[in-house]
Amino acid sequence: MNLYKLEFMKIKLSTYLWAIFGVFASLLAFGILFLFIFQMETESSDAFEEELFANWNGLLALITTLSFGFFSILSAVIAAKVIISEYCTKNVIILFSYPVNRKTILKTKCLIVSSITTISAFISNTLVIGIMYISAHIFKIMPQMNTKYFFFTILLSSFFMGILSSAVGIISTAFGLKKHSSVSTIVCSLIIVCVLANCITISLNSIIWVMFIISAVFVIIANFIYHIMENRIEKMEV
Amino acid sequence: MKTIVDINSVEKSYGLTQVINHCSFKIYEGEIYGLLGINGAGKTTLMKMILGLQQIDRGSIYVLGKEVNNNPEYLSNIGSVIENPTFYEHLNAKELLSMHLCYMQKKADISETLHLVGLENADKKTISEYSLGMKQRLGLARAIIHHPKLLILDEPLNGLDPIAISEMRGLMKKLTNEGMSILLSSHIIGEVRHTADRIGILSDGYIKQEFSVKEKISECGDHFEDYIISLMRREQI
């Protein structure tokens with residue numbers, strides 16, 4: 001039995017693909033805007049602004065932070081539909097009446113949400129930075145390049161950002177499941193995003209390490225919370 | 001006769017309220033067992049306990065000789081309509097039933113089942129376009145399509161018109177003739193009287209009285225309903 005195929009039958013994937021495209025388009029618009037900001041306001045800018053907008057590390061951190069925010073919330077929205085709306089409505093009666101282990105169903109759902117989030121966040125962030133880079137060459141706007149392995153940095157930071165976004169999605173899901181509310185799921189992800197977004201820009205020159213540490217910590221937390229959620233669903237009465 | 005469901009001294013409480021109290025009864029192969037009780041008597045709770053949707057505080061439930069516990073495999077032999085059935089409303093009936101069969105890991109003729117419940121002409125509409133009665137029929141189709149040995153129906157005739165009710169009764173008889181056992185709950189005496197072979201009166205958390213419908217009707221005659229109402233009343237505490 002292909003549980004993944006069955007789960008995809010329950011959701012309208014096209015809705016989320018359009019949402020992902022919308023997020024990508026918004027990020028790209030922000031990215032292009034950031035490229036031109038420094039050109040327009042070079043005289044009034046201070047040192048931090050210069051560090052943020054005038055070199056690729058700063059722009060990468062900025063776009064990665066925005067992507068993290070967008071995709072964490074998108075992850076919570078998908079989780080609200082795929083997980084919360086199923087377990088917190090009468091659908092759960094029929095779901096639990098199937099001869100399939102409850103933990104297996106939850107794992108399938110969480111993997112679907114995490115995969116959609118991680119893959120789309122990775123592709124979107126990489127593409128946005130890539131398009132910004134090409135645009136900078138076309139328009140002769142060249143923020144300083146002070147990293148040797150910039151391409152490698154983009155790939156790694158995008159990957160860690162995707163992982164971090166899906167971890168935030170899982171943590172928010174557990175909270176939403178406890179409160180039996182889709183709104184709580186999304187609000188929880190918003191709160192986490194507000195707190196974490198400032199941490200990503202702590203050190204612009206070592207974004208890979210910052211992203212790695214934050215995502216590692218959150219993956220551990222999400223894993224711990226997932227096991228609590230799994231045990232709760234195993235004993236859940238409907 | 002083969003025992004399909006065996007409920008032994010089952011107890012269930014919600015906080016300080018004891019809903020099911022030393023409840024025991026059996027359902028045999030090919031019979032329709034009517035569970036009668038007033039609102040809040042615990043009929044749905046009992047059915048959910050058989051399906052593993054509610055934990056059992058004390059006692060045991062066996063379905064087809066296997067104890068109801070955390071292993072959900074026995075559920076492939078049960079079909080159920082609990083409360084008002086819910087669906088993935090963007091799907092049509094064929095898609096929904098095909099998904100259900102995948103979960104149950106069984107194969108069946110979807111068109112034949114839809115014909116059986118009178119939905120043969122509505123298979124291409126999305127479920128969101130269905131009326132309440134059509135949804136009830138689809139719920140029943142989902143419950144029987146995988147040919148379960150036990151069918152659990154919680155007030156299945158709600159929302160159906162008189163013709164559909166008559167058709168459903170005929171369908172239930174047909175299914176039992178094929179060897180399926182049915183546990184049917186209701187608080188409407190007439191509904192159970194015309195359908196069930198045996199009736200169990202659930203009151204104060206246990207089966208207060210159990211009898212064959214035919215025998216009791218011949219014994220009580222016109223006073224059948226009065227007799228049942230007197231049994232359904234809760235004991236004054």
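Colleague: What should I know about the model and its numbering before we start?
Modeller: This is a predicted model, in which local features need pLDDT of at least 70 and side-chain atom pairs count only at pLDDT 80 or more, while totals for chains, interfaces and linings use all residues. Residues are numbered from 1 along each chain as its sequence is written, and chains are lettered from A and ligands numbered from 1 in the order in which they are written.

Colleague: What makes the radius of gyration of chain B agree with that of a compact globule?
Modeller: The radius is taken over C-alpha atoms, and the globule rule is 2.2 Å times the number of residues to the power 0.38. For 237 residues a compact globule would have a value near 18 Å, and chain B has 18 Å, so the two agree. Along its principal axes the C-alpha trace of chain B spans about 55 × 45 × 35 Å.

Colleague: How many helices and strands does chain B have?
Modeller: Chain B has eight helices and 10 strands, where helices (H or I, at least four residues) and strands (E, at least two) are DSSP runs numbered from the N terminus.

Colleague: Why is helix H1 of chain B called largely enclosed?
Modeller: A residue is buried if 20 or more other C-beta atoms lie within 10 Å of its own, exposed if 12 or fewer, and partly exposed in between, with C-beta atoms placed from the backbone. Eight of the eight residues of H1(B), residues 43-50, are buried, and therefore the helix is largely enclosed by the rest of the structure. Among them are Leu46(B), Met47(B) and Ile50(B), and H1(B) is followed by Gly52(B), whose phi is positive, near 75 degrees.

Colleague: What makes helix H4 of chain B mostly covered, and what is its reach?
Modeller: By that definition of burial, 10 of the 13 residues of H4(B) are buried, including Met134(B), Arg137(B) and Leu140(B). H4(B), residues 132-144, reaches 19 Å from its first C-alpha to its last, close to the 18 Å expected, the expected span being 1.5 Å times one less than the number of residues.

Colleague: Which elements do the buried residues of H4(B) pack against?
Modeller: Two residues are in contact if their C-beta atoms, placed from the backbone, lie within 7 Å. The buried residues of H4(B) pack against strands S6 (78-81) and S7 (150-154) and helices H2 (93-104), H3 (110-116) and H5 (162-177) of chain B.

Colleague: How many residues does each chain give to the contact between A and B?
Modeller: Chain A gives 18 residues and chain B gives 20. The largest share of the side of chain A, four residues, comes from H5(A).
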